Amino acid sequence: MGAYAVARYTLLELGRRRLLQVLIGVAILLTAGIGIAPYVLPGFRSADDRTILILVGISRIDGVAIELCAFAVGMVVINHDLDSGAIVAILAKPITRLGYAAGKVTSALFIVVLIDAVFTAGSMLVVLLNGGGHMDVMFWFFAASSANALLLMVLVMILTVYLNNVIGAAIVVAFSFVQNQVSDLHAMVQSNLITGTFAGIVSTVWWTVPHQLLSNLQRDIATTSLKVNCMQGCPALPNPQQYLAQELARIPGASGEGDIVYWLAYFVALCAILYLALRRKQV
Amino acid sequence: MVEVKELRKRYRSHDPLAVDGLSLALERGQAFGLLGPNGAGKSTVVKSIVGLTRPTSGEVRLFGSTPGDAAARARVGFAPEDPDFPKFLRADEVMDYFGRLQGLASEERRQRGAEALEWAGLAGERRQVRRFSKGMKQRLALAQAILGRPALLIFDEPTADLDPVGRRDVRDMISQLKAAGTTILLNSHLLSEVERVCDTVAILVRGRVRAVGPVQELVPEGKTLEQVFMELVEATSAAPGLPGFMKEKS
């Protein structure tokens with residue numbers, strides 16, 4: 001009952017925050033803009049041309065928008081109770097700290113997944129109106145983006161129990177940047193472009209800190225691009241297939257089951273840390 | 001109802017003790033006043049009783065249990081110092097939220113919430129909490145505190161930062177609750193407030209109880225509570241004189 005009440009009213013509060021509404025509005029407008037762009041900009045005559053532009057646009061803009069929304073939610077969902085002092089009145093009521101933490105995580109999770117669902121539906125509609133295709137890879141792109149954003153969101157929530165929310169978010173942004181670099185390096189290790197001791201270090205870091213879940217969207221974009229560019233033959237590329245294989249080796253592939261289990265374990269662990277942080281918190 | 005034994009609280013290892021070996025007991029039907037200057041440790045005692053801070057040592061019992069026990073806290077109504085509530089909610093939503101936390105059924109929440117807001121002068125208020133004045137937040141704090149029909153009501157500096165009219169109104173509301181037989185723990189540095197409401201008083205200075213007992217026993221004939229309080233406080237902290245530069249004639 002207590003956790004439900006916390007979740008319910010946190011959702012109501014989040015729904016009333018202008019920042020979140022603005023972020024979602026901007027992302028929806030940009031997604032629509034991506035759908036219109038190939039018809040307005042010159043040089044996108046074929047369906048594949050348009051698809052590439054749309055997929056690149058969606059992967060850049062929606063990926064960032066989902067992350068920004070997750071940051072915005074993570075920054076306010078607990079910190080504003082702490083910052084305003086509202087948490088004093090809330091925790092003096094007969095609710096356990098576990099109930100409070102569960103309510104906060106549930107509401108934050110719900111709203112980020114909801115936002116992600118809106119982006120997914122909008123982006124799929126845009127692709128569908130432009131000829132369709134790539135639906136499954138787009139779905140997994142959004143699923144992976146959502147999962148990554150959720151992990152970062154819980155990290156922000158943990159840090160905001162102790163720190164100012166802007167500082168907490170800045171730390172997680174830096175962490176996210178490192179995560180991206182590790183993902184790229186790990187892809188190179190898997191393709192034997194990096195070997196030896198450094199490869200060992202990269203693999204250790206990859207399996208020690210929570211790493212990003214990935215889809216095959218970037219690989220799909222690379223494959224489609226090559227197909228478009230070599231439709232009339234590729235005089236500059238005597239062996240396009242070999243070139244594609246080399247390009248794909250640099251791009252991380254979709255995460256496997258092991259990565260998903262690993263993500264889940266990390267998510268549960270971070271939620272447990274958040275609970276312990278709130279349990280120890282004296283207000 | 002409440003038993004505090006040898007309570008000590010130090011927030012950080014280098015900080016002085018905020019509360020230093022405090023013991024007190026609160027009986028049913030009492031109106032107990034915690035008096036003390038700013039920084040005496042009054043709010044720390046109150047927060048320890050409602051489980052918001054952990055004692056460094058000592059013990060706090062609340063209705064025979066610990067403050068961490070949600071069932072024990074269900075019998076307490078708490079109006080915190082400088083109260084605030086989720087900023088984007090309206091008063092009736094705060095009441096529903098807190099009613100749910102209190103475990104009240106839907107009909108009870110609706111009825112008690114409306115009555116409590118009416119009593120606190122906030123009926124029909126449609127603005128979000130972030131638009132509330134301090135006085136309105138204080139009224140909302142009182143309204144949410146009584147929501148669960150508590151056996152014990154704790155008020156932490158309920159009239160701090162209020163204008164004279166707000167002070168009078170809040171004092172009247174607390175007096176009504178006392179008249180209704182609710183046990184009250186009032187934490188304040190305003191002597192008149194405590195004198196008016198409480199039958200038993202503890203005076204805290206620097207985390208220690210300097211005097212405790214019924215007001216009549218604590219205040220000798222021919223003296224006022226303010227005089228007793230000042231004597232106890234000044235015995236431990238002399239007021240510094242003006243800085244030198246302020247004494248120079250311009």
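A residue counts as buried if 20 or more other C-beta atoms lie within 10 Å of its own, as exposed if 12 or fewer do, and as partly exposed in between, with C-beta atoms placed from the backbone. This is a predicted model: local features need pLDDT of at least 70, side-chain atom pairs count only at pLDDT 80 or more, and totals for chains, interfaces and linings use all residues. Residues are numbered from 1 along each chain as its sequence is written, and chains are lettered from A and ligands numbered from 1 in the order in which they are written.

**Exercise 1. Decide whether α3(B) is mostly covered or exposed.**

Step 1. Helices (H or I, at least four residues) and strands (E, at least two) are DSSP runs, numbered from the N terminus.
Step 2. Ten of the twelve residues of α3(B) are buried, so by the definition of burial the helix is mostly covered.
Step 3. Among the buried residues are B:V94, B:Y97, B:F98 and B:L101.
Step 4. Find their neighbours. The buried residues pack against α1 (2–15) and α5 (86–91) of chain A, together with α4 (106–119) and α5 (134–145) of chain B.

**Exercise 2. Check the length of α3 (residues 91–102) of chain B.**

Step 1. The expected span is 1.5 Å times one less than the number of residues.
Step 2. Twelve residues should span 16 Å.
Step 3. The end C-alpha atoms are 16 Å apart, which agrees.
Step 4. Look past the end: B:G103 follows α3(B), and its phi is positive, near 85 degrees.

**Exercise 3. Work out the strand order of the open three-stranded sheet in chain B.**

Step 1. Two strands pair if DSSP finds at least two bridges between them.
Step 2. Five bridges join β1 (residues 2–9) to β4 in chain B, and these strands run antiparallel. In this pair, B:V4 has B:V60 as its bridge partner.
Step 3. The order is β2-β1-β4, with antiparallel pairing.
Step 4. β2 (19–26) and β4 (57–62) of chain B are the edge strands, each pairing on one side only.

**Exercise 4. Locate the residues with the most contacts in the largest nonpolar core.**

Step 1. A nonpolar core is a set of buried Ala, Val, Leu, Ile, Met, Phe, Trp, Tyr and Cys residues joined through C-beta atoms within 7 Å.
Step 2. The largest has 135 residues. Those with the most contacts inside it include A:A70, A:V112, A:M153 and B:I154.
Step 3. Helix α7 (residues 135–162) of chain A gives the largest share, 15 residues.
Step 4. Take A:A70. Contact means C-beta atoms, placed from the backbone, within 7 Å. Leaving aside neighbours within four places in sequence, A:A70 is in contact with A:V112, A:A149, A:L150, A:L152 and A:M153.

Terms used
Two residues are in contact if their C-beta atoms, placed from the backbone, lie within 7 Å.
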